[in-house]
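Let's take a walk through this protein together, starting with the whole chain and ending at a few single residues. Keep the picture open as you read.

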Amino acid sequence: KVVTVNHISNALGIINPIKYIIDKAHAVGSAVLIDGAQAVPHLKPDVQELDCDFYAFSGHKMCGPTGTGILYGKEEWLNKLPPYQGGGEMIKEVTFEKTTYADLPHKFEAGTPNIAGGIVLGTAIDYLNNIGFENIQEYEHELLEYATKRLSEIEGLRIYGTGKNKASVVSFNIDGIHPYDIGSIIDKLGIAVRTGHHCAQPIMNFFCIPGTIRASFSFYNTKEEIDLMVDAVKKAQTMLS
Ligand SMILES: *Cc1c(COP(=O)(O)O)cnc(C)c1O
């Protein structure tokens, strides 16, 4: 009934062909929910062109505050769906016989909302739009290519997710060393990466690995920082082997 898929894989950085998936799902009468949490820091989705039924993302992945996020939904779906929460401002009329709900979007916004968070998320979106997503994508692509090239110099290093269409994320392992061990040592050297299965065990099982070391780059990162990371990974490799 519902197909749900990442716009960009949080485990590998691959940009999924969601337009293709959405069209295929619609052809068999399925609704589509896109998880855009990893996409919105890197690109600007056009929900109307994509024709997805729902598109969701978190504010804190795009320079916004924690506890905020956005769910886009087609109006026809949002009108059909019942409220998931009760509270102030979402009621139209209450009698002993029946309750009717307020019009969209109030039907889904029970109680006093996170007003400050919403305003700050708006500021974060303006901030990213001012930098420009074309600029962000171009620069991040440069960082991706540079990091991929530099990391590939390390003997025994394998990168997972080698498709062409990628966000600036490099997920990798080093032969014979647990990802957590590399992650812990380079953390002490001031390099912040994520290690583990990234809540995506099926893809880890597919590669027969316990997890990966995932370095993700943003528009505020530099090539010098990538060099520092590569040096730190090399150092950790020497210590652990
Ligand atoms: C971070 C993330 C989530 C969870 O979002 P939170 O707002 O942190 O709970 C969901 N999906 C993907 C792909 C993510 O990267």
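**The chain as a whole**

Among contacts in the protein chain (heavy atoms within 4.5 Å) between residues at least 6 apart in sequence, 58% join residues at least 24 apart. Before going on, note that this is a predicted model, where local features need pLDDT of at least 70 and side-chain atom pairs count only at pLDDT 80 or more, while totals for chains, interfaces and linings use all residues. Residues are numbered from 1 along each chain as its sequence is written, and side-chain values use heavy atoms, with hydrogens and water left out.

The protein chain has eight helices and ten strands. These are DSSP runs numbered from the N terminus: helices are H or I with at least four residues, strands are E with at least two. Along the principal axes, the C-alpha atoms fill a box of roughly 75 × 40 × 35 Å. The chain's accessible surface is about 13900 Å² (Shrake-Rupley method with a 1.4 Å probe; for residues, only the protein chains shown count as cover), and 55% of it belongs to carbon and sulfur atoms. Of the 241 residues, 41% are buried, meaning under 20% relative accessible area; exposed is over 50%, and partly exposed is in between (1.4 Å probe, protein chains only).

Now look inside. A nonpolar core is a set of buried Ala, Val, Leu, Ile, Met, Phe, Trp, Tyr and Cys residues joined through side-chain atoms within 4.5 Å. Which residues touch the most other members of the largest core? They are Leu151, Val170, Phe172 and Phe217, out of 25 residues in that core. Two or more residues each come from helix H5 (133-152), strand E7 (157-160), strand E8 (169-174), helix H6 (179-188), strand E10 (212-216) and helix H8 (223-240). H8 gives the most, with six residues. Apart from this core lies another, of 23 residues, including Ile15, Leu50, Phe57 and Phe219.

Let's zoom in on Phe172. Leaving aside neighbours within four places in sequence, Phe172 is in contact with Leu151, Leu157, Arg158, Ile159, Tyr160, Thr212, Ile213 and Val233. Asn173 sits in strand E8 and counts as buried, at 7% relative accessibility. What does the side chain of Asn173 reach at 2.8 Å? That's the backbone oxygen of Gly211. Such a polar contact is a pair of N or O atoms within 3.5 Å; within protein, one must be able to donate a hydrogen and the other to accept it, and residues adjacent in sequence count only if both atoms are side-chain atoms.

Over in helix H6 you'll find Gly183. Is Gly183 buried or exposed? Gly183 is buried, because its relative accessible area is 9%. Beyond its neighbours within four places in sequence, Gly183 is in contact with Val193 and Thr195. Gly183 and Ala236 are 53 residues apart in sequence, yet 8.7 Å apart in space, C-alpha to C-alpha.

Last stop: the ligand. Around it are Asn6, Asn10, Asp35, Ala37, Gln38, Ser58, His60 and Lys61, each with a heavy atom within 4 Å of it. A polar side-chain atom of Asp35 lies 2.6 Å from a ligand nitrogen atom. An oxygen atom of the ligand is 2.7 Å from an N or O atom in the side chain of Ser58, and for the side chain of His60 the distance from a ligand oxygen atom is 2.7 Å. Taken alone the ligand exposes 380 Å², and the protein buries 57% of that.
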